[in-house]
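I opened a new page for this structure and wrote down what I looked up.

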Amino acid sequence: MFVRNLAIALASGSFMVVPGVASAVPATVPNLISHRAVYDLELKDASDRSGIEGMTGRMVYEFTGSSCKGYKTDFRFVTQINTGDAVRLTDQQTTTFEDVASKKFTFETKSFTDDKLDKEVTGSAADENGAMKIDLTKPDARKIDLVAGEFPTEHMVQVIENAKLGKRIFESRVFDGSDDGDESLITSTLVGKQQAPADGDVDAGKAGDFAKTSFWPVTIAYYNDKTGTDSLPIYRMSFKLYDNGITRDLTMDYGDFVLTGKLAKLDILKPETCDKQQVR
């Protein structure tokens, strides 16, 4: 279990700890690469309480942009869930745009069950004068003030920079517009030592030009912002991270069930340059 392993690591003094919640952006942004990654999802484990007997799916993640124009993410997460009594299809579609320089973020998520729209969340956020200002437009128009934090790409940059610096454990506050789009999450990140793919690593073979490139094993636990890391995490995600932002070999632990995501296809997309203004 991750929490137990983390306690052992702290006791042995084998990791550096950055106390508190970090929010600073590195002076230089890593060379995040535009790409489209497709992952095949499978159920690894499920408790009786979950009511899940089987689950398969596919996740598509497309990341484009540049540090000067901002980053766009298109994400789709489709699963077929077998409860024993019924089979249902869930489909979550999310589009975000993040301007790292101006610390602004827009998000739109549509969630479907059996092709019927269940939920739609749309809004924007900005880090202004040390506070997070949220402007929701759907499902209801409202404005929310949160404690300052990071947006997803900004957080990914922080993970990569800390990995390069050898900082193995650190916390952050992240807002990604998920769920109802009105709360941040506290994250606790554990970064392992950079390593080369092992012989016979099938998932690495799907990474194309990066099949033999070294990566960091990363685990991020997400906590409710109100209770913090003193409570159990809402969910935990482990993956192998390259210094260009590509990830593979995913494990998503939601407590009552665990999914794995194996890289099925990776397309490197045309990079965007900084000689023209971003058009959205």
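The entries below go through rings, a helix, a strand pair and salt bridges in a predicted model.

**Entry 1: aromatic rings**

I began with ring pairs and got a count of 13 aromatic pairs. I noted Tyr61 and Phe63 as a stacked pair, with 6.4 Å between centres and 10° between planes. I then looked up the accessibility of each partner. Tyr61 has a relative accessible area of 24%, so I put it down as partly exposed, the buried class being under 20%. Phe63 comes out at 5%, so it counts as buried.

The next pair I looked at was Phe107 with Phe175, which is edge-to-face at 5.6 Å centre to centre and 70° between the planes. This pair links distant parts of the chain, since Phe107 is in strand S6 (residues 104-113) and Phe175 is in the loop between strand S10 (169-174) and strand S11 (185-191), 68 residues apart. I checked burial here too: both Phe107 and Phe175 are buried. I also found that ring pairs join Phe105, Phe107, Phe151 and Phe175 into a cluster.

**Entry 2: helix H2**

I asked how many of the 14 residues of H2 are buried. The answer is ten, so I wrote the helix down as mostly covered. Among the buried residues are Thr153, His155, Val157 and Ile160.

Thr153 sits in helix H2 (residues 152-165), and its relative accessibility of 6% makes it count as buried. Leaving aside residues up to four places away in sequence, Thr153 touches Leu32, Phe63, Tyr71, Glu98 and Val100. Phe63 is the buried ring of Entry 1.

**Entry 3: strands S10 and S11**

I looked at S10 next. Five of its six residues are buried, so S10 is largely enclosed by the rest of the structure. S10 and S11 run antiparallel and are joined by six bridges. I noted Glu171 standing opposite Ser188 in S11.

**Entry 4: salt bridges**

I counted 22 salt bridges. In one of them, Asp180 pairs with Lys119, with 2.7 Å between the closest N and O atoms. Asp180 is in the loop between S10 and S11, while Lys119 is in strand S7 (residues 116-128), 61 residues apart. Asp180 is partly exposed at 37% relative accessibility, and Lys119 is partly exposed at 32%.

I also looked up Glu120 with Lys138, whose closest N and O atoms are 3.4 Å apart. Glu120 is in strand S7 and Lys138 is in strand S8 (residues 131-138), 18 residues apart. Glu120 counts as buried at 17% relative accessibility, whereas Lys138 is partly exposed at 38%.

**Entry 5: Arg248**

Arg248 forms a salt bridge with Asp203, the closest N and O atoms being 3.3 Å apart. Asp203 is in helix H3 (residues 202-205) and Arg248 is in strand S14 (residues 247-253), 45 residues apart. Which residues are linked with Arg248 in a network of salt bridges? I listed Asp201, Asp203, Lys240, Asp249 and Lys262. Arg248 also lies over the face of Phe215, at 5.1 Å from the ring centre.

Conventions. Residues are numbered from 1 along each chain as its sequence is written. This is a predicted model: local features need pLDDT of at least 70, side-chain atom pairs count only at pLDDT 80 or more; totals for chains, interfaces and linings use all residues. Side-chain values use heavy atoms; hydrogens and water are left out. Rings of Phe, Tyr and Trp (its six-membered ring) pair if their centres lie within 6.5 Å; planes under 30 degrees apart count as stacked, over 60 as edge-to-face and the rest as tilted. Buried means under 20% relative accessible area, exposed over 50%, partly exposed in between (1.4 Å probe, protein chains only). Helices (H or I, at least four residues) and strands (E, at least two) are DSSP runs, numbered from the N terminus. A charge sits over a ring if NZ of Lys or CZ of Arg is within 6 Å of the ring centre and within 35 degrees of the ring normal. Contact means heavy atoms within 4.5 Å. Two strands pair if DSSP finds at least two bridges between them. A salt bridge is a side-chain nitrogen of Lys or Arg within 4 Å of a carboxyl oxygen of Asp or Glu.
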